[in-house]
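Reader: I have a few questions about geometry and packing. Can we go through them one by one?

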Amino acid sequence: MKLALFGGSFNPVHNGHVALASAVMEILSYDKILLIPALMSPLKRREDYIEPYHRMEMLKLAFSGKDWAEISPCEIHRTGPSYTVDTINEIYRSHEFEGKPGLIVGDDWVDGFVRWRRVDEIVANVDLIVARREGGAQEFPYPCTFLQNPIVTVSSTEIRQLRKEGKSVSEHVPSAVESYMVEHNLYGY
């Protein structure tokens, strides 16, 4: 089985996440994508996070019906910040796959990638997939595949702000995710 790892805060999951995962499946022919929500990203502000349970539930709704998508709570079950290198090591222990797993990284993270914990160990143990988010970076100091995915211009930050302002997010998230946000009064109104 060819496995790709897609981690992030997913705070909240949005159409860009779904489109990117679908592009990895279609363009690079992976068999499964493991979606891994972070308990707490060491590189993001903590006050914006909602409970991991809600982020997991929204991921399930966003990827419902996609049998190639699996959601892993491995980072949520660990305490402290979510470091990619620890997650990769855990995936090697807990999953069977052929070759190295792919690791999806947005081009907006390329410049900061060298600051990730034990970056050389990460690079040695995965096939890096650099996805277009902003359309910029096509240079990277590590071996990688530059994914020519469609760019979906939406961010979780933008969605949280729209919700705080009482505005609709229907064009940015799957309808089931928006309904869940409204039902649980997440991110604002």
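Reader: At what angle do the axes of helix H2 and helix H7 cross?
Author: This is a predicted model. H2 covers residues 52-62 and H7 covers residues 175-183. Their axes come within 8 Å and cross at roughly 150°.

Reader: Are H2 and H7 roughly parallel or roughly antiparallel?
Author: The crossing angle is roughly 150°. Angles over 145 degrees count as roughly antiparallel. H2 and H7 are therefore roughly antiparallel.

Reader: Which residues of H7 make the contact with H2?
Author: H2 contributes Tyr-53, His-54, Glu-57, Met-58, Leu-61 and Ala-62. The residues of the contact divide into eight nonpolar, one polar and one charged. From H7 come Ala-176, Val-177, Tyr-180 and Met-181.

Reader: Is His-14 buried or exposed?
Author: His-14 sits in the loop between strand E1 and helix H1. Its relative accessible area is 3%. Buried means under 20%, so His-14 is buried.

Reader: Which backbone nitrogen does the side chain of His-14 reach?
Author: Beyond four places in sequence, His-14 is in contact with residues including Val-154, Ile-159 and His-172. Its side chain also makes a 3.0 Å approach to a backbone nitrogen. That nitrogen belongs to Gly-16.

Reader: What is the omega of the peptide bond from Asn-11 to Pro-12?
Author: Most peptide bonds are trans. The bond from Asn-11 to Pro-12 is cis, and Pro-12 lies in the loop between E1 and H1. Its omega is near 5°.

Reader: What is the phi of Phe-10?
Author: Phe-10 lies in the loop between E1 and H1. Phe-10 is buried, at 2% relative accessible area. Its phi is positive although it is not a glycine, at about 45°.

Definitions and conventions:
Residues are numbered from 1 along each chain as its sequence is written. This is a predicted model: local features need pLDDT of at least 70, side-chain atom pairs count only at pLDDT 80 or more; totals for chains, interfaces and linings use all residues. Side-chain values use heavy atoms; hydrogens and water are left out. Helices (H or I, at least four residues) and strands (E, at least two) are DSSP runs, numbered from the N terminus. Buried means under 20% relative accessible area, exposed over 50%, partly exposed in between (1.4 Å probe, protein chains only). A polar contact is a pair of N or O atoms within 3.5 Å; within protein, one must be able to donate a hydrogen and the other to accept it, and residues adjacent in sequence count only if both atoms are side-chain atoms. Contact means heavy atoms within 4.5 Å. Axes are lines fitted to C-alpha atoms, for helices over the stretch in contact, and angles run from 0 to 180 degrees between N-to-C directions. Angles under 35 degrees count as roughly parallel, over 145 as roughly antiparallel, 65 to 115 as roughly perpendicular and the rest as oblique. Ala, Val, Leu, Ile, Met, Phe, Trp, Tyr, Cys and Pro count as nonpolar, Asp, Glu, Lys and Arg as charged, and the others, Gly among them, as polar.
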